[in-house]
Amino acid sequence: MYKVILVDDEDLEREGMAALIPWEDMDMQLVDMAWNGIEAMEKIQMQKPDLVITDIKMPVMNGIELIRQARELNPELAFVVLSGYGEFEYTSQAMELGIRHYILKPCDEEKFLEVLARVREELIRQREKASSELADKNILKRTLPHAQEQILNALISMQELSKPDQELLDSFVKGQGSACFLYVIRGDGEFDQLDRFAMTNILSELLGNNKILMAAGNQRELFYLLPAELAEQFLPLARKAHREFGKYRKCRLKSAVSEPGSIQDTYRMYAQVRELFRLGEVEEREEFFSAAQYKNPAEHVLSVMDYKGIREAADFGGLLFLVYAGYLNMKLGGLSMEQMAAGYRRGFEILAGQSRTEDFVEKTEWDQLKSAVNRYAACKKLIREGEKEDERMRQALLAIYENIANQELSLQFLAREVLFMNEDYLGRLFFRHMNEKYSSYLVRIRVGLAQKALEYYPDIRIGELAERIGFAADGQYFAKVFKKHTGMAPSDYRKVRKNN
């Protein structure tokens with residue numbers, strides 16, 4: 001039954017309409033009456049009617065102002081306007097407010113019932129629509145978290161969205177804005193559904209229920225897309241989230257946050273987070289990593305030096321390859337000697353557990369690199385003092401890398417022009433220590449250096465890369481050699497690195 005309030009300043013007409021209309025037959029209930037707009041507003045707020053039948057010309061507050069103020073409270077409130085002859089100005093104002101139902105005074109019962117019947121039909125359709133929208137909202141409320149999880153997983157893995165998911169993402173971006181950052185959590189074991197539920201609840205309490213834009217996860221990682229305005233002050237919140245989760249389940253968490261970007265940049269943000277975790281593998285005591293930590297150009301070396309590989313290197317040759325690959329990437333990145341020194345010092349801190357700010361201040365880049373390799377090797381006990389053959393082999397390997405860009409770097413050239421020793425002796429020495437012919441070793445490390453460079457700088461010109469590692473600048477022979485060893489051309493390898 002629909003609730004009705006009747007408003008008219010003439011007592012006789014108001015009481016007459018109240019008694020004349022068979023309200024129950026119209027599925028309506030007359031819940032109250034008022035004699036002007038002010039009194040009507042009070043009763044509208046109290047009774048919350050579905051329909052107001054109001055005279056248009058009244059003292060204190062007329063029907064037009066009543067409609068305006070009541071619509072601010074309830075835009076869906078229906079009105080029937082009672083108007084007399086000569087009140088066209090008021091009627092036109094009511095029409096501008098969207099009023100479509102009028103009854104001319106003095107009231108005709110048949111006309112009154114006809115108008116109320118039309119209003120009732122509209123109220124029925126309005127109620128059905130509201131009920132349908134509520135049902136849709138309830139369905140959406142139940143399915144939205146799952147849909148958002150699907151969308152976030154697709155954005156992270158760069159999968160194509162289905163049409164409904166794309167429409168949902170478009171409406172979400174329109175409603176929420178797209179400035180956000182990605183927060184990813186890893187544990188020392190696998191996450192299950194309860195773990196994800198617990199962490200999401202913890203973050204909701206710390207950040208506020210509406211601050212988690214999207215959430216997803218798998219057995220290895222939990223993903224949260226959060227508003228960009230939280231990024232700068234997020235570290236203490238992340239640490240607290242780790243502690244709170246520790247009360248629920250004993251495990252060690254590590255987390256990382258990307259730089260802010262748009263929702264469409266989620267894949268790029270995830271790639272950035274993965275790189276932060278890779279860097280974090282050498283920071284065993286640290287539990288939180290942020291892209292902001294590496295914004296300083298001097299710290300760019302932290303992302304191009306493979307400290308984890310250096311720490312795990314089992315021999316001098318493997319160690320030298322990784323340090324030189326880092327050096328090559330620093331050169332490609334345009335870093336200064338001071339910035340390179342900072343990277344070498346960081347490696348020493350990781351290996352030795354102590355800071356040596358006075359080290360790696362040599363005058364040339366090569367002397368700096370050689371110093372880093374020798375210090376790392378000594379720290380890892382990869383150098384056997386007093387072994388002359390070992391010393392000669394280290395000198396040979398260092399000489400190879402020092403001259404790696406020389407296209408004429410044959411065994412004969414290395415022996416005669418660089419090391420000043422017998423070519424045959426060097427060949428036997430090399431094979432005995434490396435279990436590999438010099439020529440095949442040289443090609444292998446050149447291709448390996450190219451792979452390392454393409455991992456960090458996939459946009460580098462192939463000709464420039466070829467020239468830096470000892471091939472002709474046209475890149476044609478380099479491309480053939482690279483494909484033979486890796487199974488794909490450098491350009492294809494570059495595409496793969498960009499996608500991964």
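1. Let me start with Met 17, which counts as buried because its relative accessibility is 4% (buried means under 20% relative accessible area, exposed over 50%, and partly exposed in between, with a 1.4 Å probe and protein chains only). Met 17 sits in helix 1, residues 11-20 (helices are DSSP runs of H or I with at least four residues, strands are runs of E with at least two, and both are numbered from the N terminus).

2. A word on what you are looking at: this is a predicted model, in which local features need pLDDT of at least 70 and side-chain atom pairs count only at pLDDT 80 or more, while totals for chains, interfaces and linings use all residues. Residues are numbered from 1 along each chain as its sequence is written, and side-chain values use heavy atoms, with hydrogens and water left out.

3. Back to Met 17 and its neighbours. Leaving aside residues up to four places away in sequence, Met 17 touches Leu 6, Asp 8, Trp 23, Leu 82, Cys 107 and Phe 112 (contact means heavy atoms within 4.5 Å). Asp 108 is 91 residues from Met 17 in sequence, yet their C-alpha atoms are 9.9 Å apart in space.

4. Please also have a look at His 101, in the loop between helix 4 (88-96) and strand 5 (102-104). His 101 is buried, since its relative accessible area is 8%. Its side chain makes a polar contact with the side chain of Glu 122, at 3.0 Å (a polar contact is a pair of N or O atoms within 3.5 Å; within protein, one must be able to donate a hydrogen and the other to accept it, and residues adjacent in sequence count only if both atoms are side-chain atoms). Beyond four places in sequence, the residues that His 101 touches include Phe 79, Val 80, Val 81 and Val 115.

5. Now for the aromatic rings. The count comes to 15 aromatic pairs (rings of Phe, Tyr and Trp, the last by its six-membered ring, pair if their centres lie within 6.5 Å; planes under 30 degrees apart count as stacked, over 60 as edge-to-face and the rest as tilted). Phe 471 and Tyr 477 form a tilted pair, 5.9 Å centre to centre with 50° between the planes. Phe 471 is buried at 6% relative accessible area, whereas Tyr 477 counts as exposed at 53%.

6. One more item on rings: Phe 181, Tyr 183, Tyr 224, Phe 234 and Phe 288 are linked into a cluster by ring pairs.
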